[in-house]
Structures are given as C-alpha cells and as structure tokens.
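I am opening a page for a structure I have not looked at before. My notes follow in the order I looked things up.

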Amino acid sequence: MKVALCRNGLRLVARRAARRSLVAASLGLWLCLSTPAQAAAAPQDERELSAIAEEQEILRRQLGRLRLTMENLIPRLEKEGRSRALELVREGLSLIQQRGQETRSMTLDELMDSSRTRIAQGQTVLSIEEQELVILQLERLLSILLDRESLERLSKEAETLRELGDQLRQLSNREQELREQTENLRQESLSPAQRALAQELQRLAKAQKELLGRQEAAARESGALSLEDLARQLDELRRSQSTDVAVLEAWQPKARQPLEDARKALLDARAARARAERAQDLAQALEDLGKRAQSASSAEDHKRAAMELEALTDAQARHARTSGNEQLEQQLDALREQANNLREGASDSGRKQQATESVEAAAKEHGARAAKEREAAAAPLAQAKASLDQVEELGKGSKAAAARAKDLLEKAGTPAADGSKNSAASDEALAQAAAEVERASEEARRMGEALAGAQDQSGSDAQRLKQALENLPDSARAAAKPAGQALERAAQRMRQAAQAARDSNAEQSAEQARLANQELEAAAKELSNAAKASGQSEAGQAIAKEQAQLAADLADAASAAEQKSPQGASEKSIPQSAKQAMEQAQSAMQAAQQSMQAGASSQAASSQRQSQEALQRAAEELEAGARPETKAQQAKAAELVAEQEQIAQRLLDLATREKKRDKPRQEQRMKNAQSSASKASAELEQGELDQAEQAQEEVLEELQQAMQELQEEEERYQRLRQEELLLKISEELEALSLAHRNVLGATREIDMARAGSDRPSRAERSRLKSLAAEEQALAGRCNKLAVDLEAEGSLAFCASLREIDRDLQRVAHDLDELGGWQTGAHVQALQEDVAEALDWLAEALREEQQRRRKEEQQGQQQPGQNREEKPRLVPDVAELRLMRRMELDVEQRIALLQRLHPELTQEGAQIDPLVLEDILRVAERHERATQLFVQLRQSLGLPPPQGTPEQDASTDKSSTPQADPSGPERKP
C-alpha cells in the first residue's frame, strides 16, 4: 500500500509540474519582460512570478514528504522480504539525493530551491533550465518506482548482448575449424598399417550393423523374435505361479475362526484388566482420602478433603456415563453426599464420622470390584490361549503369528492375586499380543480374496499369451500350437484355483494351481522348441554363414596389421586397447554365429550389437594412438597450438568482461571454456591428438551453452524494451488525443461564436493562429511516432500515423490565415477523423499490452527470434486487425456519403467540390489500406490472389521466387 502511495505521490508531483507547465509559463514571462512595450504589465508579471515561485515551494515540500514516506517504508519491506520493491525504493532515494553533472552537482531539493530563488531574482532563463532538469529527474524517479526500464539502457544492453553473442559465435566457428583440423591431423598421423586397419574396422562395423538389421528382419518375418519374447513372458508367469502355489499350500482358511475367537477374547481380557485397574485406582484414592479426612481438624482441611472427593467422583462419573455403568453412578452419587458431610464436619462431628466411614467403605467396595475384574480377565486369556493352540495345531499359515502371540501372553502374565496393580510391561505385552492376533486374523480374512485375484490375473495372462501365439505368422503359429493348447489348459486350471480359494477350499485351490504350473512348464518347453525351429530358417542359416565370414575377415585384418607393424619396427604397432576390443568383437561374432545356428535369435542379436560396439571402439582406440611424427605434422600441430592459445586468451578476456558486467554465470561459462581450450592446447603440444579433440568438444559445448543463454537474455531485454516502448507510445498517443480534442473543442467554440461570419474577429484570428500552431506541433509529434514505428517494422501503424500527420497539417493550414480561417463542418469532420484514428491506435496498442501481460502471467514464452531478424514491436495479427478496421471505416464512410448526398447516385448531377474532396480522401484511404495489405502479405511470403494483376505479373517473371508451399515464413 505504501509503495503505491509513493508512486501516486510522485505522479502527483510530476503531473502538477507538467499541468502547471512551469517551463512554458516562465518562458512566456521572460518573453514579456524582454520587450519594452510590455513594461506596463510588470506588476502583473511579478504577481505571476510570485505564484510560480510559491508553487515551486509547494512541490519541494511534497517531494520532501515523499522522501520521508520512502525512508519509513524500508524497514517494513525488509521485514516482509520484498526484495524487488526494497531495491526500487532504495534506488529512488539514491536518485533524489545524488549529485551529478546532469543536475549541476545539486540534489533534487536543491534544484527546486535554486529554481525558486532564481524566479525571485528575475533570472528566468536559468530558472527554466533548472525546472527542465527537475522534470527530467522526476520522470526518472517515476520510472524507477514504477519499475520501468529506460529505453536507452535496454537497447544498449540488448546491443551489448548481441555483440557478445557475435563474438562467441566467431570463436565457436574458429574452434570448430580447429577441431576439424585436429581430426585431419590425427588421420594423417596414422601409419599406413593403422590407417588400413582403421578403415577395415569401420567397414566391418558397418557390415555388422547391416547384418544385424537383416538378422532381426528375418527373425521378425519368421516369428522367432516374437516367440522368444513370448517365452520370456511365459517364464515370468511360471515364476509368479510357483510363488502362488507355495502360498496356497501354506494357506489354512480353517485358522481364521480360531484367530477371530482369540482376537475377541484378548479384547475382553484387556477391557477387564482396564476396569480392574480403574477400580483399584479409585479404591486406593478413596482409602488415602479417608485417612486424610479422619485426621482433618480445621474447617479448611475439611473443605479441601471435600473438594478432592468431589473432583474424584466427577472424574469417575464421566467414565461411568460413557460405559453405561449405572451401579457405579449410584455409588458416586452417594460419595457426593459424603463430600458435603465432610465440608460440614468441622461443626458437626457426627456428620464427619459418617462421611469418613462411608469413604472407607467405598474404598473397600471398589477394591473388591477390582479383584473381581482381575478374576474376570483370566477366563478370556485362557480362551485366547486355547484358540491360539488350535491355530498352531493346524500348521503352516498363521502358525508363526500364533506362536508369537502366545509368547507375548506369557510375558503379560496373569492378574495378581493380592490385587496389586499390573505393571506397564505386562499391559504392553498384552497389547502387542492383541495386535499380533489382529494382524493374523486380518491376513487370514484377506488371504482367500488375494489368492483368488492372483490366480484370476495369472489366468488372464495365460490367455493373453495364447492369443498372441495365434497372431504369429503362419509357420510360427503352427509350430507354437501345442504351446497354445497347454496355455489354454493352464488358464482353465487357474480359474478353478481362484474359485476354490474364494470358497476357502485350500486343498482344491492348491491342487489346481500345481496342475496349472505343470501346464505352464509344458507350454514353455513347446514354445522353446518352436522358437528354435523358427530361428533355424534358411535365411537365418545364411546370415550365420555371413557372420562367420565377418569373423574371419576381422581375424585376417588383425593378422595383416600385426605383420606390417611388428614390435620394434619403425612403424607404430597396434595399441593394446585396440587389440582387446578386436578380441571382444571376435568373441561376440562367434557367439552370434552359434546362437543363430541354435535358433536363438535374440541372443544372436545381442551378440551382434556387442560386436558392432567393440569394432567401433577398436577403431577409435586405434586412431586415439596417433601422434604427429613427421616434421610437417609437428609444424601443423604447432600452428594448432598457437591458434588454440589465442582462442583461450580471447575467452579469458570475455570472462573478465562478464565479471565487470556482474554476470557470474556467464563468467563461469567463459572460464570453463577457457580452461578446456588451454587443456586442448597442452594436449596438442604433447601430441595427444585424441585428448585434444575431446577438450575441443568441451570448448564447443560450453560456447554453445553460453550463446544459448546470451540469446535468451538478449530476447528478454528486447521484450522489456518493446514493453517500455509500447507504454511510451501509448502514453504519447493518449496525450496527442487529449491535446487534439482540446483543439477540436476550441474550434467548435470559435465556430459557434462566429455565427456564420466570413471573417473572424481579431481575437478569434489570434486564437485560431494559436490552434493552428498546436495542430502543426501535434503533426510533428505524430511524424516522430511514425518514424519510431517504421523502425520497428509496424507497417499499418506507421501508415496510420502518417495519415494523421497529413490530416493535422491540413487542419493547421485551414485554421490559419492561408486556409481562410476555416472552422466549419469540413474542418471539424477532419479533426474528428484524426481523433478517431488516434483512439484506434491507442486501443490497439493497449490490447497488445494486455496480450503480453496475459502471456507473462500464464508463463508463456515467445519463440526465439532469428538473430538476423529484428523482433517486431507489433505482431502481424494486430496489424491485420488495424487494416480490417481501416477498411470497415472506408465502407462506413462510403455508406454515409451516399446517405447524406443522394445526388451521388444520379447521373449528371452537380456535385459539391467539398463532397468530391471527401470522396477523394476515402479513395486515398482505401488505396493506402490496400497497399499496406500487399506489403504485409509480401513480407509474410504469401502468394498474390489468383486472377489479380499482381499474380499475373509474378507468373510472367520466372526469376521471381515462389512462396514455400510448406507454409508462410517472414523474410528477414
């Protein structure tokens, strides 16, 4: 709320300054004082100057109150953690208090004081200059508090980011070229034997990949892959069924009732123990209270004993009402009466004695009740133990749970015969025993449904596998038919097992589950045979022979390379890591061949993939050992080192620059890239070309990430700049509309005062000349806006503003002496057109601002712009909406002209020249709208409509590029 008050207060200061127009007023006074002819008006001028100085002082005091409000707001913002608002308030205070060259080394307060002093001293020109500085500072302060960025700063930041991105792109291109040159040097550094072996390894890897594709295609066509996949699924089903069989064999549904009986008995035992303990507590409390009452001598002691007895009876009464123990309630009512007797015992010894005896009797009675409840707990405990014994006799299933519960009951023990209180450990053991029995009972209750559901699901899975077998190719389906029959029988057995489980028939359910498992084993065997038969097709065997040939080619290549490069020779030998990779590839090829011969298509494919990876790795390891040997190669490496060091130094410079910009993330990116570049330089210098390439890849990756982040930051600044520009243009349009409507109102007022007179009076002429000057100034402001929007690529908005500029110049001409001091309907209609057009533009820009705010609230991100294309301030859809509105306005004006001037439809009728001029203006507006649409369509790359002169002309020029049929694309 206070932030809003600060902003509103600043708006008031700035707007009052603008509304009062201090600069304009002072300038007018200076002009008056500078001419001798107006010396007689000096007293009036002095009064005006005094009023301006007084208002300047009022503004200074308002600024002081605003500063005080901002200072008081800082602690609150710190407490609330509103960091951004706090930053803005502090920045605003800093601006108010700063002294800079732009403010002549004065604060904002001092500038206002100086301006007021100069007004009083008659130094009008200096006062005007200082007032201009005050207004500029107030506008800056308002922008800060409103969190509005400066257009100049935003544009500068965006340009800086673009420049930095271009430098990174150049470095990335240089690094990429360096990477390619390093790779070429590595290739050149290989010996002839290594180069030949590397090429052979690449050929074998490519051949292995092609062979893998053919083998998988053949396996799919024969159904072998599908059969093997179904076999794996069947193995999972078998494991699940085996688990269900084990659970069903251990399941004892008959244990459910004994467990339930034991559960209820334990609940009864715990309830009896709880009642006994409460009764024993009450008895002990009454006994202690009776002793204190017997020894009470003073009235205060009697009263205290009575209060304790009442509190005790109240606590017990709540439990008695909850449990419905009417007998206990009656006993407690009697104790309440004795409490009253105790309270009167100081004055009546007979009542005291009666009360004491009653309390002692009640203590004995509740003690007896506690002993009775303890005895009552013994029976359910014995019953619970008997039920648990019955559960153990049934065996398996819940036997373990019953044994644990019995152990806990042993720990709980039996109620003490002397009526002493049960220990906490005993009660805890009894509670744990009850919980154990509860879990076992609930498990026994749910076991049947769980097992039935599991068997139903297994039956569905078996049926699904059978259906999948029926969808195989013809040859595979015939081979898998026995497996499908076994799966059908297994599914039927599983459904029977499920029904038996629901009926709590454990033996029948377990038997059917075992038979189903046997059927699954039979199906698995048949399916395995079918898969092998399908995998041993003619095509598969042919591929196996080709696989054997690849293995032989690999062995020959390795042997030839060893013969050409023996250990100790001048040429380099094969690295040990490459030898190991070739051995792994050889082993994988042999395994793939054996799997194909055995009909195991999936295993063959897996081995072929391993072989391909090993071949690729062998080629990489072979090339990784390349080092520059000749003088030419070493010279080339030295050149690469020098260039890599230059890139590293350039990256270090960029990191320093980013540090100055206070961009730690980008600084770290540059440092990482510089570190990798230095590492690449060191590896190149040592001849480790493969390590150098890896470091160069790291440089490229860091640069790519940095460029991406810079582009995102640049786009963010561009969006902020466009939002600020939209706001400024909208405010300017609103100001133009307000100023123009004031001129329109004054024009109407003068026209009414003239009452049809051809020549206005001297005062009216002076006023009209002033209005013409204002319209001319507004035209200049519209032209400036048009230039700004044209630079942003907004065709329709720019054209509309230029049309408004022309109309305002025409109005200024007509209002002035050269136009004959016109104020009639024609001029006013033209002014109304201008006002309406300004409102259109302002409304369109407001809609665009709302659209951007909505997208920002919804978290939508605009797509990244092409860096070669400047982001557009107003999207094409907004331009089209404005064009449509312009064309609709043309149609409405045509209809209005026909309605107001029916003679237009009469042939040979005399038409007023002013009407003809209106028709010409409408035609020109339509023509401009048409041209704008053509320009927009061309910029979007859309072809001209069929049958138009433009389309005919474009088809005659074969050199004219056609639009991309895949869709429109804006040209840069």
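Which side chain does R118 meet in a salt bridge? I found that R118 pairs with E130, at 2.8 Å from N to O. I took a salt bridge as a side-chain nitrogen of Lys or Arg within 4 Å of a carboxyl oxygen of Asp or Glu. R118 belongs to helix α5 (residues 108-121) and E130 to helix α6 (residues 124-145), so this pair ties together parts 12 residues apart in sequence. My count by this rule is 47 salt bridges.

Notes on the source: this is a predicted model, in which local features need pLDDT of at least 70 and side-chain atom pairs count only at pLDDT 80 or more, while totals for chains, interfaces and linings use all residues. Residues are numbered from 1 along each chain as its sequence is written, and side-chain values use heavy atoms, with hydrogens and water left out.

Next I looked at helix packing. Helices are DSSP runs (H or I, at least four residues), numbered from the N terminus. Axes are lines fitted to C-alpha atoms over the stretch in contact, and angles run from 0 to 180 degrees between N-to-C directions.

I looked up α17 (residues 481-502) and α18 (residues 506-535): their angle is about 165 degrees and their axes are 8 Å apart. The two are therefore roughly antiparallel (angles over 145 degrees).

For α24 (residues 689-754) and α25 (residues 762-791) I noted an angle of about 155 degrees, with axes 10 Å apart. The contact of α24 with α25 has 15 nonpolar, 2 polar and 8 charged residues.

Technical notes
Nonpolar A, V, L, I, M, F, W, Y, C, P; charged D, E, K, R; others polar. Parallel < 35°, antiparallel > 145°, perpendicular 65-115°, else oblique.
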